[in-house]
Amino acid sequence: MIDFSLPDDTRLLIDTVRRFVETEVHPLEDEVERTATVPAEALKIMKSRAQALGLFAMNMPAEVGGGGLTCVQHCLVEEELGKTSDALIRRVFGQVYPMLMACQGDQVGKYLLPTVKGDLICAMAITEPGAGSDAASISTTADLEGGEWVLNGTKHFISDGDIADYVIVMALTDQDKRARGGITLFLVDKGTPGFSVARTQPMMGHRGYGHAELVFDQCRVPASAVLGEVGSGFKLIMKSVLQIRLAHIGARAVGMAQRALEMMRKYAGDRRQFGQPIGDFQMVQKLIADSATEIFAVKMMVMNAAWEIDQGLEPRDKVSMIKVAASEMQGRVVDRAIQVFGGMGFSKDLPLERMYRDARVTRIYDGTSEIHRMLVARSTIKNGLQL
């Protein structure tokens, strides 16, 4: 028998996160959207409360100060976080990249532990103008000269790149090998000569935090700046990306869609037209039923893949399927919610228009829907459907 029940401690954690998001975080959404900044004083209070409740850096192992959650628990938590804006998730609950677990020696005290504690902000610099879904096609280089690495290249769309205390930079150290041992990760501090923020790029959605263009021009870093081992960068990224995609896209998409559906459900019962609640009309019922069905399907996909990761497996094909299904489901559900609300859904008086804009990019980042469909198709043609 398959047991889908959750332990009491997991249920308590989910309830705690849900209440925190609803009572502490939701009230700040309008101000963040209006000003494109997270108010500093309110953030200080909320962040300290989140840390006191053990809700900061929940994705990281307990031995370094994180939440020590399983992948299933992490995804259930991210589902609740998905019900608010990405900017507030980052600032209040922490954006700590799991590849930081590759820190060694002095790097642990300088980067890993302070980031998990919330004292430092880290940005992940992979994407380039000529390298998006094909991360291995980057052109940023790192050459060893006199015991130092010299970085040259440009990164863009780097979340928090404008305010980060340091950046994890993905660079070529062997242009012939590339993904097969020619890519290395570097820890580069803000203020390092040759490292600059060229601009913050305006975006359609995800207001409240910067998406920066970073330039490395003869940027010299010591040999100790290598994260992991020379040539291990692509492997480190691929090792971390499964759970990141599953939690940050799959689970958060379920959360945002659930919030939109709940708004739909209530409005369909309250709003009356032609003498009856609009929820009595079959076409409105179809919008709600289709949304509920798709949310359930994607949530089950997320939970299945999360369980496999907890068993030590690497369900890459499943995560690609989830990336496509979740990102596209999210957009459809929010679109349906706007349709149910009519003109009010299109207005800025409700969070739906923000959610609509924020949802759009999930079909692009971390590999486009087209790339993931290609990966799933290739694997299925070669190996059949592996469930």
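Strand 5, residues 183-189, is mostly covered: six of its seven residues are buried. Buried means under 20% relative accessible area, exposed over 50%, partly exposed in between, with a 1.4 Å probe and protein chains only. Helices (H or I, at least four residues) and strands (E, at least two) are DSSP runs, numbered from the N terminus.

A word on the source. This is a predicted model, where local features need pLDDT of at least 70 and side-chain atom pairs pLDDT 80 or more, while totals for chains, interfaces and linings use all residues. Residues are numbered from 1 along each chain as its sequence is written, and side-chain values use heavy atoms, without hydrogens and water.

Now the partners of strand 5. Strands pair if DSSP finds at least two bridges between them. Strand 4, residues 166-172, runs antiparallel to strand 5, with seven bridges. Isoleucine 168 has leucine 187 of strand 5 as its bridge partner. Strand 8, residues 226-227, is also antiparallel to strand 5, joined by two bridges. There, leucine 185 is bridged to leucine 227 of strand 8.

On to the aromatics. The structure has six aromatic pairs. Rings of Phe, Tyr and Trp (its six-membered ring) pair if their centres lie within 6.5 Å; planes under 30 degrees apart are stacked, over 60 edge-to-face, the rest tilted. Tyrosine 111 and tyrosine 166 make a tilted pair, 4.6 Å centre to centre, with 55° between the planes. Tyrosine 111 sits in helix 6, residues 106-117, and tyrosine 166 in strand 4, 55 residues apart. Are these two buried or exposed? Tyrosine 111 is buried at 6% relative accessible area, and tyrosine 166 is buried at 1%.
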